[in-house]
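This report covers a sheet and the helices around it. Please keep the structure open while reading.

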Amino acid sequence: MPAFRSLEPRTAQLLGMLRKTDRWLILMNADPDALASAMALRRIMARRVAAVDCAQVNEISRPDNLTMIKSLRIPVQRLTPNLGAQFDRFALVDSQPHHHPGFQGYAFSLVFDHHPLNPEAPVQADFVDIQPAYGATSSLLTEYLYNLKIRPGELLATALLYGIKTDTQSFERHFADVDVRAFRYL
């Protein structure tokens, strides 16, 4: 039995959106799951686009999040209008455009999330994968890495593990079988 569901049509669609001339900015409301998910999406985009960076809309002040960023060498910066103007494509991880005012004004091409959908605020993007049954977006991005045959390095694997662990509160809060499989795989 495969470790994860087959995502072949979805991965083909995702890769088809990545052009060598594109400059992507991955946005997030930074927490461990969002940071890990951004790292994973950045890894998927690596060498497929001209540039890819990660930015957060919130102030990162919690010591555990700051330690995660430093220890796992996560390249993230605060979103500013000047930073946003340097990119032509935008992705959003572990959130939806209506979740934070800082996401307003950006036309997202990609959205990966695990939070419940809001029928009053449908997500508009070329590529949307929102899995409310999942306990963490890190599990979803681990599925994509697996389907794309990208083996995560030590730092990325650690970030994804930590993202799953924190969002499921060590599997004491809502989680799905895929979260367990992703955790074991990593």
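The buried residues of helix 5 pack against helix 1 (8-16), helix 2 (32-45), strand 5, strand 6, helix 6 (154-167) and helix 7. The model is predicted. Burial in helix 5 covers 10 of its 11 residues, so this helix is largely enclosed by the rest of the structure. The buried set is Thr-137, Ser-138, Ser-139, Leu-140, Leu-141, Thr-142, Glu-143, Tyr-144, Leu-145 and Asn-147. After helix 5 comes Lys-149. The phi of Lys-149 is positive, near 60°.

| Strand pair | Sense | Bridges |
|---|---|---|
| strand 1 (residues 23-28) and strand 2 (residues 51-56) | parallel | 6 bridges |
| strand 4 (residues 89-93) and strand 5 | parallel | 4 bridges |
| strand 5 and strand 6 | parallel | 4 bridges |

Leu-27 has Ala-55 in strand 2 as its partner. Phe-90 stands opposite Phe-108 in strand 5. Asp-113 is bridged to Ile-130 in strand 6.

Is strand 5 buried or exposed? Here 6 of the 6 residues are buried, so strand 5 is largely enclosed by the rest of the structure. Strand 5 also pairs with strand 4 and with strand 6.

**Helix 5 against helix 7**

Two packed helices are described by the angle between their axes and the distance between the axes. For helix 5 and helix 7 (residues 177-185), the axes come within 9 Å. They cross at roughly 60°.

Which residues of helix 5 meet helix 7? They are Ser-139, Thr-142, Glu-143 and Tyr-146. On the helix 7 side, the residues are Val-178, Asp-179, Ala-182 and Tyr-185. By class, this contact holds 4 nonpolar, 2 polar and 2 charged residues.

**Helix 6 against helix 7**

Helix 7 has a further contact, with helix 6. The axes of helix 6 and helix 7 come within 9 Å and cross at roughly 145°. This crossing is left-handed. Leu-161, Ile-164 and Lys-165 come from helix 6. Asp-179, Ala-182 and Phe-183 come from helix 7. The contact divides into 4 nonpolar, no polar and 2 charged residues.

Asp-179 and Ala-182 of helix 7 meet helix 5, and Asp-179 and Ala-182 also meet helix 6. Helix 6 is in turn one of the elements that the buried residues of helix 5 pack against.

Notes:
Residues numbered from 1 in each chain as written. Predicted model: local features only at pLDDT ≥ 70, side-chain atom pairs only at ≥ 80, totals over all residues. Heavy atoms only, no water. Pairing = 2+ DSSP bridges. Helix = DSSP H or I, 4+ residues; strand = E, 2+ residues; numbered from the N terminus. Axes fitted to C-alpha atoms, helices over the stretch in contact; angles between N-to-C directions. Contact = heavy atoms within 4.5 Å. Nonpolar A, V, L, I, M, F, W, Y, C, P; charged D, E, K, R; others polar. Buried < 20%, exposed > 50% of the residue type's maximum accessible area, 1.4 Å probe, protein only. Left-handed = near helix turned anticlockwise from the far one by under 90°.
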